[in-house]
Amino acid sequence: MSDQSGARELSDEELAEIERKYDEGAATRPVGPRLGLALRAVALAFAVYHYLTAGFALPPDHWHMGWHLAGLFILTYALFPIFRTKRAFDVRRSAFRIGNVPIFDFVLMALGVASALYLGLAWRGVPLLGIDEQTFRMGNPNNYDMFFGLCLIVLVLDIARRTLGWILPAIICVFIAYALFGPLFPGVLQHPGVRFRTFVSSMYFPQEGIFGVTLWVVSTIVFHFVLFGVIAQRTGLGQLFIDNATILAGRYTGGPAKVSVVSSAFFGTISGSSVANTVSTGALTIPNMKRLGYPGHFAGGVEAASSAGGQITPPIMGAAAFIMAEFLEVPYTTIVIAAIFPALLHYVGVFTVVHLMAKKLDLKGLTKDALPQFAAVWREGWANIVPLIALLVVLFSGYTPYMSAFCGISVAIIAGMSRMREPLTLIYAAAFIAFVIWKYQGGGFDLTMSAILITCAILGTLNPQRRIKLPQMAETFETGVKYALAVGAASAAVGIVVGVINTTGVGFRIGFMVTQGASNLGSDIFALFSLTGLDLFTVEDLTLFISLVFIAMACILMGAGIPTTALYIMLVSVAQPALAQLGIPPIASHMFVLYYGVVAEITPPVCTSAYAAAAIANSNPFRTGISAFTLGLGKVIAPMAFVYAPVLLFVSSTGFHLWEFTYTAASCIAGVIALSTAVVGYFYAPVNLAFRWLLAFAGLVFIAPSLQADLFALALCVPVIISQALKRRATAPA
């Protein structure tokens, strides 16, 4: 079937199947009705526990993370088969299976739950079993600690493998081998090695390893935002985003493609998954783009590139922002502010390519009749924006992220389930208002915040849309839990990497290797330039640039098939020391690593978002991935820009200056536009191959924040500008 055919809209079942196929965390096996009911109860208990503890009080960390891990073990071993064969997802009856789940999975499940909860049970010691208090066992684990610690390490790797595939556990096993067999490694990587008992102890006990910062952030913050995103989408916020994006961009040249960009940017504010974003918005935008005349691979690429941008779009940013805030020990709002311009640069790039491609193909926008009516959209869906407002107001007022998520979820439940015209349903609104008053009386909320939240709750009850019933909301909670399983398993497993790096110092060793290699290569290139009499760069400039290229390539290669959150944790632990040695401000180095990790989502050959988009567009997956990568060039060059000019992040330690920011931002945008024109080969008229290469080089030079570089880039663009002006005049009607 050609790219131009098959522009029909897919059914909900077909879309769900695409998400299951390309989002590994969404592919689960069927279970029997009784077991399904029990698992639903576990999922609901898991969600309600996290929801209530976010609003009222968190238990001690070792108990809180233990309960979170226990829930992950139960649901993962029940829903994910040991191997992803086609037969594993069939219903099979056997004496060795209960509810279609093999008995050995129940054994592993029980071991996992026991290992997760043992730490809390033995925290104060168990005299009957001869177990001392946890303080006395640090670094000197007893046999119980060794058994449960070893079980936990193996089983955490297993649930990560079941939900995400082999790549992540394989990388973690390399780190484990490095910790245990340090004397066998060559050169600067060699270290004395870690004793096996010490290794198990450090991986198991809190503060580092599995029960470290990564699992804490996911169990305390990330899960709540994933749940909020699912509930908000279910109550109609996602559709409100798509309708408003269509109103804003649908009428212009290449309208449906611009709708894809705008709606994905909106959707990124609540979605933590690129694949889920692709499927949700692409179901409407990709068929519309194909009907308009876009090739299928390009339509899929537009959606994949836009949706992957959701991982770097404030305020949620695919959950990695919360972990970044913990690593940097700064307020979460600082990360959100820093991410604003880089995200804008990405969407400027995608938008420019889409616009120029539409002009090249002479594609028109949607007719006025095909556009949603602004008044009708907001008359019907205005209440769906209220939960997001509540969440953001609490978040940016200095309260904890989990308190903001609690308020956002509460108002979303009210907007979905409470109606003023049905008095009995007002119990949800009344409960939340009582909570706000209780917090106010205890000094938790001030008067202004209390008034805002009570107003949001009342507005939610005025929602004109049909009310969501309790069984439907329970199903939504269950879906939110399933979405969080993969990121939970990944965060627990990646804690091992963090523990190994803290124990062995390998991050600084790798950083030294990168900077030393880049310095040697930079010196050779400088010597080569000196022979020609050109002293354009210093050795330090070349060392920095080569180091950044090395680290960017490592980020993209390691990012193949690993979720953004887990990838960021690994990369920042390994790459950040190298960037720190180069004198890059901490927030710039963390954002650099995050961006190149996200680029992996649209970089062939492993680009899950592009594959999901290709399935909807019925196009070649590899060509779709190439289109997504070229469309995402803004995301590729943005990290280089804010490393060289940290002022673009607003909150860097180097300070903020308005004129410097304005000049640098304009230069970066000019670079993105030049690169986009080179990719499409069209501006006012077709651009020949030589001029496209000239523009591509000029686009890269524009990124360097200096007047000399910008003047040089502008000089490169002058012949192209003159050529385009002459062609435009020649084709202009008399």
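Guide: We begin with a definition of residue classes: Ala, Val, Leu, Ile, Met, Phe, Trp, Tyr, Cys and Pro count as nonpolar, Asp, Glu, Lys and Arg as charged, and the others, Gly among them, as polar. Please keep in mind that this is a predicted model.

Visitor: By class, which residues does the lining of the largest cavity have?

Guide: The lining has 4 nonpolar, 3 polar and no charged residues. The residues in question are T246, P256, V259, L284, T285, N288 and L366.

Visitor: What volume does the largest cavity have, and how many cavities of 30 Å³ or more are there?

Guide: The volume of the largest cavity is about 50 Å³. The count comes to 1 cavity of 30 Å³ or more.

Visitor: Which helices supply at least two residues each of that lining?

Guide: They are α11 (255-267) and α12 (274-292). The largest share, 3 residues, comes from α12.

Visitor: How is α11 placed against helix α10?

Guide: Helix α10 (residues 237-249) packs against α11 at an angle of about 140°, and their axes are 8 Å apart. Therefore α10 is oblique to α11. Their crossing is right-handed. On the α10 side the contact is made by G238, F241, I242, N244, A245, T246, L248 and A249, and on the α11 side by G255, K258, V259, V262, S263, F266 and F267. By class, this contact has 9 nonpolar, 5 polar and 1 charged residues.

Visitor: How do α3 and α22 lie to each other?

Guide: Angles of 65 to 115 degrees count as roughly perpendicular. Helix α3 (residues 61-79) and helix α22 (residues 470-504) pack at about 115°, with their axes 10 Å apart. The two helices are therefore roughly perpendicular to each other. The crossing of α3 past α22 is left-handed.

Visitor: Which residues of α3 and α22 meet?

Guide: From α3 come H68, L69, L72, L75, T76 and L79; from α22 come V481, K482, A484, L485, G488, A489 and A492. Their contact has 9 nonpolar, 3 polar and 1 charged residues.

Visitor: Is the crossing of α24 and α29 left-handed or right-handed?

Guide: α24 passes α29 in a right-handed crossing. The axes of helix α24 (residues 539-558) and helix α29 (residues 633-644) come within 11 Å and cross at roughly 145°. In α24, D541, L544, F545, L548 and V549 meet M640, V643 and Y644 in α29. The residues of this contact divide into 7 nonpolar, no polar and 1 charged.

Key. Residues numbered from 1 in each chain as written. Predicted model: local features only at pLDDT ≥ 70, side-chain atom pairs only at ≥ 80, totals over all residues. Heavy atoms only, no water. Axes fitted to C-alpha atoms, helices over the stretch in contact; angles between N-to-C directions. Helix = DSSP H or I, 4+ residues; strand = E, 2+ residues; numbered from the N terminus. Parallel < 35°, antiparallel > 145°, perpendicular 65-115°, else oblique. Left-handed = near helix turned anticlockwise from the far one by under 90°. Contact = heavy atoms within 4.5 Å. 1 Å grid on protein atoms, 1.4 Å probe; cavity = no way out; pocket = protein on both sides within 12 Å on 5 of 7 lines; lining within 4 Å. Points joined across faces, edges and corners; volume = space filled by probe spheres on them.
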